[in-house]
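Visitor: I am new to this structure. Please take me through the terms used for it and show how each one is applied.

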Amino acid sequence: MGLPNAIGDLSTEVEVEAFRRLFPLRFYEKHLSESIRPDARPLGRARDTTIALGAVASANGSALAKIGSTTMLAAIKMEVMTPSMETPDEGCIAIDFHMPPICSPIVRPGRPAEAAPVVSKQLSDTILSSGMINLKELSLVSGKAAWMAYLDIYCLDADGALFDTALLSAVAAFSHLDIPEVSLNDDGKIVLLSEEQEGMSDRESVNKEKRKVTLSSVPFSLTCILHKNYILADPTAEEESIMETLVTVVLDSSSQLVSLYKPGGPVLAYTSAIQDCIALTRQRAKELQKILDEAISGMEVD
Amino acid sequence: MEYVSPEGLRLDGRRPMEMRQLRAEIGTVAKADGSAVFEMGNTKVIAAVYGPREVQNRSQQISDQALVRCEYSMANFSTGDRLRKPKGDRRSTEISLVIRQTMEACILTHLMPRSQIDIFVQVLQADGGTRSACINAATLALADAGIPMRDIVTSCSAGYLNSAPLLDLNYIEDSAGGPDVTVAILPKLDKVTLLQMDAKLPVDIFENVMGLAIEGCKAVSNYIKEVLLGNTKQLEYRRGL
């Protein structure tokens, strides 16, 4: 056959980098047949993950999460608002995901990235449905005042696994969140207590002290790529662009399934492949829980 | 309100001629051709440069030089109150234009015809002097990307409050309503590329304040040169030279 031989011959003559650009799929398959990837990771291993809490000093809660080169900065700002009629004793969380043009060469100013609203919606659904935050904790005065938490996540470097990193940074930002002290002043309005007013006892304090939000069932996720019989965990941007079938599994800290997302793709998965993905996610969730706990205890020591 | 106490200390404990602490880091965005983070006190800015690359909009292609584009945007959480419209508003558009024209003056665009250089600046924390921090970050990012320039561009701001010229205003001093002079210079060529001022100021005091801002720019340029040299030494070690 003409064509395979021609490529075979070329592969011995052309340099590695050129081969990688010209025949990306064959380049990857040569690695996958030896159960390794070009960055020397085994197929089931995720990249190095780090979390830094309190990255943005002006926000009420913030975190910077990095998985490999993918970097996300999440920050939470709290504002007081009136709760809706249907849920008078619940607060609200607004989640927004941004991909500014600095993160990737394919994002153009004026033309937002395709991935941004998709990840934004996914994140919103996952965080709200996982029940990580009890909205009743965000209430101040039933029917009159409640907290609105604005969570903004900025992608500073997009190198694959955007949803995983974004979810990790959101969870870390919530665990770092300090709800500010407020009190009800004479006009019936909620007023932020600044440091000078802490001694005053004539004002009824609605929020006694800076408190943390209790997080139950923290969600952790892992994105895997399916290609023929291989399952690659935590893809880079290059891998995502060549092999397009992605499966994202979100588990919570008690290993219950929160969300499963497979948006089409050329590879059809058997149930066994999905179960393998879930097993990989379970392992990854334990790793991420450890990393998050270390980051939190690191902050408390200070 | 007293911006300079009788002992000569400002609200954050600095002397009138003292700059805030500078911190810079190169190569922070792996995907970009060049990137840098620049901090001036609490103002933190990240800049990324993509280019020279093919012009995305063929009709804008210039046959004998490179097209320089710049976008400035602020993160929602960068200021005290959450921003509703982080870009596309008048201030962001104006600053984008200012940064573009400042950098265009020093990039040797005739060496890269029919190509495009994109400079993106994102403000992560804003505490006054964001314009200057953006220009400094853009300079570092362009140097990291290896784009040929006439000279580095450094910028600093200065103001005049309580009858004292103050260097490097923070947000509180900036919103006090006094004059705010922003200067950007090419330090080695000793030329001014950007000069902006608002509010009224007598001409002799203006010369004083502008001189102070230029001193600030020179201090920033010394720091930037140190950072760039340190980066080059690192690259040398890695290549075993």
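This is a predicted model: local features need pLDDT of at least 70, side-chain atom pairs count only at pLDDT 80 or more; totals for chains, interfaces and linings use all residues.

Guide: Residues are numbered from 1 along each chain as its sequence is written, chains are lettered from A and ligands numbered from 1 in the order in which they are written, and side-chain values use heavy atoms, with hydrogens and water left out.

Visitor: What is the mean pLDDT of chain B?

Guide: The mean is 91, and 100% of the residues of chain B reach 70 or more; pLDDT is the predictor's confidence in each residue, from 0 to 100. For the complex, the predictor gives an ipTM of 0.82 and a pTM of 0.86.

Visitor: Why is A:L73 called buried?

Guide: Buried means under 20% relative accessible area, exposed over 50%, and partly exposed in between, with a 1.4 Å probe and protein chains only. A:L73 has a relative accessible area of 3%, so A:L73 is buried. A:S175 has 12% relative accessibility and therefore counts as buried too. Of the 302 residues of chain A, 46% count as buried.

Visitor: Which residues is A:L73 in contact with, leaving aside neighbours within four places in sequence?

Guide: Contact means heavy atoms within 4.5 Å. The partners of A:L73 include A:A55, A:L64, A:Y154, B:F77 and B:L124. For A:S175, with the neighbours within four places left aside, the contacts are A:L53, A:K212, A:L215, A:L292 and A:I296.

Visitor: Where are A:L73 and A:S175 found?

Guide: Helices (H or I, at least four residues) and strands (E, at least two) are DSSP runs, numbered from the N terminus. A:L73 belongs to strand β3, residues 70–81 of chain A, and A:S175 to helix α5, residues 162–176 of chain A. Chain A has seven helices and 15 strands.

Visitor: What makes β14 and β15 of chain A a pair?

Guide: Two strands pair if DSSP finds at least two bridges between them. Four bridges join β14(A), residues 246–252, to β15(A), and the two run antiparallel. A:V249 stands opposite A:L260, and A:T248 opposite A:Y261. The two strands form a hairpin with four residues between them, and A:S255 in the turn has a positive phi of about 55°.

Visitor: Why do β13 and β15 of chain A stand at the edges?

Guide: The open antiparallel sheet has four strands in the order β13-β12-β14-β15 (chain A). β13 (230–233) and β15 (257–261) of chain A each have a single partner strand, so one side of each is left without a neighbour in the sheet. Neighbouring strands of this sheet are turned by 25° against each other on average, direction ignored.

Visitor: Which helix lies across β14 and β15 of chain A?

Guide: Helix α4 of chain A, residues 115–129, does, running at about 160° to β15(A). Axes are lines fitted to C-alpha atoms, for helices over the stretch in contact, and angles run from 0 to 180 degrees between N-to-C directions.
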